[in-house]
Number of protein chains: 4
Amino acid sequence: MASNSFGKIFRITTFGESHGPAIGVVIDGCPAGVSLQTEEIDQQLAFREPGKSAYTSPRTEHDRAEILSGIFEGKTTGAPIAILIRNKDADSSQYDAVKNVYRPGHANFTYLEKYGIFDYRGGGRSSARETAARVAAGAVAKKLLAEHAIDCVAYVAEIGGIAIPEPMSSDLRQIREKTYANPIFCPDEATSAKIMKAIEKVKEEHDSLGGVIGCSALLPAGLGDPVYAKLEAELAYAMLSLPATKGFEIGSGFAAARMKGSEHNDEFDIDEAGHVHTATNFAGGTLGGISTGSPLCFRVAFKPTSSIKKPQKSVSLYGEKTTFQLSETARHDPCVAIRAVPIVEAMTAIVLADALLMNRASKC
Amino acid sequence: MASNSFGKIFRITTFGESHGPAIGVVIDGCPAGVSLQTEEIDQQLAFREPGKSAYTSPRTEHDRAEILSGIFEGKTTGAPIAILIRNKDADSSQYDAVKNVYRPGHANFTYLEKYGIFDYRGGGRSSARETAARVAAGAVAKKLLAEHAIDCVAYVAEIGGIAIPEPMSSDLRQIREKTYANPIFCPDEATSAKIMKAIEKVKEEHDSLGGVIGCSALLPAGLGDPVYAKLEAELAYAMLSLPATKGFEIGSGFAAARMKGSEHNDEFDIDEAGHVHTATNFAGGTLGGISTGSPLCFRVAFKPTSSIKKPQKSVSLYGEKTTFQLSETARHDPCVAIRAVPIVEAMTAIVLADALLMNRASKC
Amino acid sequence: MASNSFGKIFRITTFGESHGPAIGVVIDGCPAGVSLQTEEIDQQLAFREPGKSAYTSPRTEHDRAEILSGIFEGKTTGAPIAILIRNKDADSSQYDAVKNVYRPGHANFTYLEKYGIFDYRGGGRSSARETAARVAAGAVAKKLLAEHAIDCVAYVAEIGGIAIPEPMSSDLRQIREKTYANPIFCPDEATSAKIMKAIEKVKEEHDSLGGVIGCSALLPAGLGDPVYAKLEAELAYAMLSLPATKGFEIGSGFAAARMKGSEHNDEFDIDEAGHVHTATNFAGGTLGGISTGSPLCFRVAFKPTSSIKKPQKSVSLYGEKTTFQLSETARHDPCVAIRAVPIVEAMTAIVLADALLMNRASKC
Amino acid sequence: MASNSFGKIFRITTFGESHGPAIGVVIDGCPAGVSLQTEEIDQQLAFREPGKSAYTSPRTEHDRAEILSGIFEGKTTGAPIAILIRNKDADSSQYDAVKNVYRPGHANFTYLEKYGIFDYRGGGRSSARETAARVAAGAVAKKLLAEHAIDCVAYVAEIGGIAIPEPMSSDLRQIREKTYANPIFCPDEATSAKIMKAIEKVKEEHDSLGGVIGCSALLPAGLGDPVYAKLEAELAYAMLSLPATKGFEIGSGFAAARMKGSEHNDEFDIDEAGHVHTATNFAGGTLGGISTGSPLCFRVAFKPTSSIKKPQKSVSLYGEKTTFQLSETARHDPCVAIRAVPIVEAMTAIVLADALLMNRASKC
């Protein structure tokens, strides 16, 4: 039920508003015996932090995780792991001017319709700030996955219509190195250079760009569930739960709609070691909702940042037509997709951790 | 947990294999007082049935729902509604020849990896046969939604690269009439004619086509949940849980990745009656996971039918390279997307019914 | 959410009214590879059937399970197992006379308050008939448990104030043999004889008796969850979900309230084989919600059968004071606790099956 | 799944160990618009605090709630409410001496069996300290219930075999006043005096006492769910999830097993205002799992405190027989039931809040 929880066995519950005292997450169901250090969480949080370059928002949050529970002598105990991230730099006075106007592309209109009340400071619960808690939880999931040789990596695949050449290699370590060394998390340098120019241009225009994030994972065959909790369904759910997402596709994705069965079907092959695998991977790593052992490959579409400094027509809470305009000093990412990279990766890790644990009940 | 259940308050659990005695669904959480007749379910099942035209599989199932519980004097009582659909025409001998080969594009490989056992007859639980149970449940959801003036309709938007002109009208009744009068559920007659030719051609080639199903819904503002259970996340989960789906997009979808914020943001407007709405609908009907009151618009990508009569390379369960080939008499849809139309509609209705009931707990 | 489901991983959903066409259960989450025959379910259903002796209701249902799904070549496949039990002997005309009166001790008043509609025939969903579906599910759970050397047995511990001598042996096989050989499921013959006389007397008085059902289980240490999903909490939930139950106690139970810590604490001991165990078992088999490896021992209180032939004051649905009286020919158990024995055992098996599967995620 | 969560719509997740930096709770699903002040939570926490009198443990915690999220301008917003309670006075060195011994009546043995790791400081997650988080959540639930005229109160009904005279009045305000004015939460002064003497005596003996907590609630008819999620089943689950509980009974409880149907059935009556009610209340406020509108009355059995200063036989983690003895300076309640009063009340409020919200989906 609870709309602030995600996952079945490896289950996270996040809380906190962007301008409240803190945000955080409780991870329930992480098995005992996973080694975990606060620094490992902080490292992931750092990737998500703004202000790393001219291409993201200059706000400096310096997120630091405080582990409140669930760890004893450096290992998980099976008890819930609560992680707190204090909010800093939270001047909400800039929101006073706009608190009585429906913000185009934002959720204050719909929250008011649903709840009759809205914490307008920085978007409250609908702020992307919430995703820092997801990243903290993802850091824990990754530690569990690492014990089972499961890994995943996300990267910028396209921004402003400028896309990296496909297909990516399935060497996740290599993708990760290139991605995290790049100021906009793009593993292809030539593409990255073009994208950065496009971002500089759109910033001058007081406008923003959309993008596509790609993600690859390596995992054994047999993970995921049939029928409703298909691995791709869980991933789609996870990705569309992220702010600003507009689409999800796995493997061939929407391009599959323009293919023939004889092109799309991945034929089975067997190597000399007797390992059965598919010769191609249009499926994107699953069949019938369960992993094939081929790399899991999917893509997520992000809309352009809704917070732009151009004036936009709107309506006030009192029913008057008005113009909505952010202050000149407001700080926003020109492209939310960039900072979404570690978030997509974190949610993928959480989905896979859950699938890993769920799978233990599949055989008698 | 249970991977054969879907929904939180309006919760369905399906069961049954394609070649077992029956399939069915238990709907738990439907409120009391919804009027329901068996015929209303049968009517929806008829839309999903194959054999309606040359463009779907000729298998004649003649599905009939048997309501086993939960209805008293023509109304729901609040008790679980169990609906049984007996299987007919289930000759499984045709599967004997292929039972020891991994089927390209099918789930027998992954089921065996996960469970160590597989009911190979007709695909067992991974068969699209399971979706008949979803359609039956969707018929009940629609009756509940109708009492609250909520409606949804799905249609063929594109097959084999041939797409209908967008945007669709938001007159759902008109779309429904055109869609269900058309032999391939395509609301645009000119497009439909072209698609039918493409299907005839691909059938001759013993091959298959993919497609895109569109869906529109009318609902009040304020439905859906923030953070994880966003309305679009629930829809994405529902759609990617359908067999053969490869992608989901809402509103502008993947095209949003190529737009600017100033183009994509839907400005708010107010009409003379004081009704606040967005002037455009790139968002596709939600903001922050909650409905805006504008039409909900999304699209689902289906891969081409995996069951084709062309020979394909594969591997046997005993590790030998082999060729997989369906018998000449096997009956399969040349494009699974067509029959998916009522299924997409049913799952949408179930998601909306659940959101409707969940919403009742949002205010004190 | 769904109030007709029970369990987390091993999850059952029941449906059906006493006078509808059928009742049944869908078991979702049973692992693949458990051998299962219809006869094994029928055997459990037979224990629950009325008409075995003069001490239960003479209604002859002859329940037969029809397995609709989830079994292939005699084994579970991991797919949902749907079991249907057709209703017979369902003359509902006897209920016409009483359909407009609130029945003392029954649920028609509260169902009408909650749902505004009530299927009065035989109690509809509130009928003990629903428990046949639980027994069918319990038969499947027992098969899974047997593969892991876990067993449980329930028995009549007290009826009409006449109790068996405690403590019971922990030889479950012996308890089971005595219990199921006895016409009122009482493992102590001398006690049984006294109880049967008391039942004969109360039948003559057109009245009924209450009772207490005991249950013992053997299972390894380490099953169950801390905090909310404690093993005893799950059992209490399961037992209080049975019709006519008024109480649950584990180990020393309510008597613990009159003990001192030095008496109640079970001291730890170690045997020659190095096996740590508690010297006594006042705890009843758990500490902190997790099994100790000592026998699980609990008791459930059942109220006397509410359906009695004595006239009782009541009120009609139209607000008139009236007298409620069952017809002379109505058939009811003089003591519902007797037939509850296989039901308590079934629910225990389901709780333990769930705990067994949940436990697989406890360690990294 | 998650064993540290409780509730379906009004759902709490607790975290934290007794000797870690903090414990806390996230409440997800509380509707928007409930007024809430930190002081209202602190007031409830104060009732649970030890050191109030000679009859509870002298540890002085001075719990203070910090609301981290979900409140805006004094009202709930529909977002998750996270409440943090910092631990103080947490010297864990006293546990060093006993960290390698299985503690009689405690959970270190079973936690080690389940998880292979145990935070021995103060019992870690199995500590009663966790219940402070439940009390904080209960304070929020009570605020919601108050808006719907639902109320509940718990009290000491029996300690060391000394019981208050039954039946209690159904004037909850009066019971509450007496209960919370009494140093051991006993609403009957004469009984209270006897109990206090018994406690003094058992303290001298370095031993402890068990007890029974009673609870009454006033709520409208129609709340609760049939079949599995019966109101009494949810309450039993909640109560048996509390540390040290051994039993639950509702209404007549175990005494029902010794009654006849003609005695136990509550006859229906109607008053001059046309209000239908039961003349007696042996049922304890529910029929078929749904509230009748009569007071909800139940009782919970608590074992005597396991932490006693008498030496007890035990076994070390290394398999040696040993003697377990708490240090002379260890501080423990002579009777855990006393401090359980506000905890039982809190869990009841949470169950009722959940039932209230669930009920909104019962009718079309």
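Entry 1: Does A:C186 count as buried or exposed? I found that A:C186 counts as buried, at 1% relative accessibility. My cut-offs are under 20% relative accessible area for buried, over 50% for exposed and partly exposed in between, with a 1.4 Å probe and protein chains only.

A note on the ground rules: this is a predicted model, in which local features need pLDDT of at least 70 and side-chain atom pairs count only at pLDDT 80 or more, while totals for chains, interfaces and linings use all residues. Residues are numbered from 1 along each chain as its sequence is written, chains are lettered from A and ligands numbered from 1 in the order in which they are written, and side-chain values use heavy atoms, with hydrogens and water left out.

D:C30 is in no disulfide either, with the nearest cysteine sulfur, that of B:C364, 7.7 Å away. D:C30 counts as buried, at 2% relative accessibility.

**Entry 2: the second largest pocket.** I worked on a 1 Å grid over the protein atoms alone, where a pocket is an open set of points at which a 1.4 Å probe fits, with protein on both sides within 12 Å along at least five of seven lines; lining residues have an atom within 4 Å of a point. The volume is the space filled by probe spheres set on the points, which are joined across faces, edges and corners.

The second largest pocket holds about 630 Å³ of space. I listed 27 lining residues, and D:E166, D:G251, D:S252, D:C297 and D:R299 lie nearest the centre. Which strand gives the largest share of this lining? Strand 16 of chain D does, with three residues. Strand 11 (245-250) and strand 16 (296-302) of chain D each supply at least two; strands here are DSSP runs of E with at least two residues, helices are runs of H or I with at least four, and both are numbered from the N terminus.

By residue class, the lining has 12 nonpolar, nine polar and six charged residues. I counted Ala, Val, Leu, Ile, Met, Phe, Trp, Tyr, Cys and Pro as nonpolar, Asp, Glu, Lys and Arg as charged, and the others, Gly among them, as polar.

**Entry 3: C:I41.** I located C:I41 in helix 1 (residues 38-48) of chain C, and C:I41 is buried, with a relative accessible area of 0%. Leaving aside neighbours within four places in sequence, C:I41 is in contact (heavy atoms within 4.5 Å) with residues including C:L36, C:A65, C:I67 and C:V140.

**Entry 4: positive phi.** Two residues other than glycine went on my list. A:A149 has phi near 60° and sits in the loop between helix 3 (131-146) and strand 8 (151-159) of chain A. A:A149 counts as exposed, at 68% relative accessibility. D:E73 has phi near 50°, and its place is the loop between strand 5 (71-72) and strand 6 (75-76) of chain D. D:E73 counts as exposed too, at 65% relative accessibility.

How values were computed. Disulfide = S-S within 2.5 Å.
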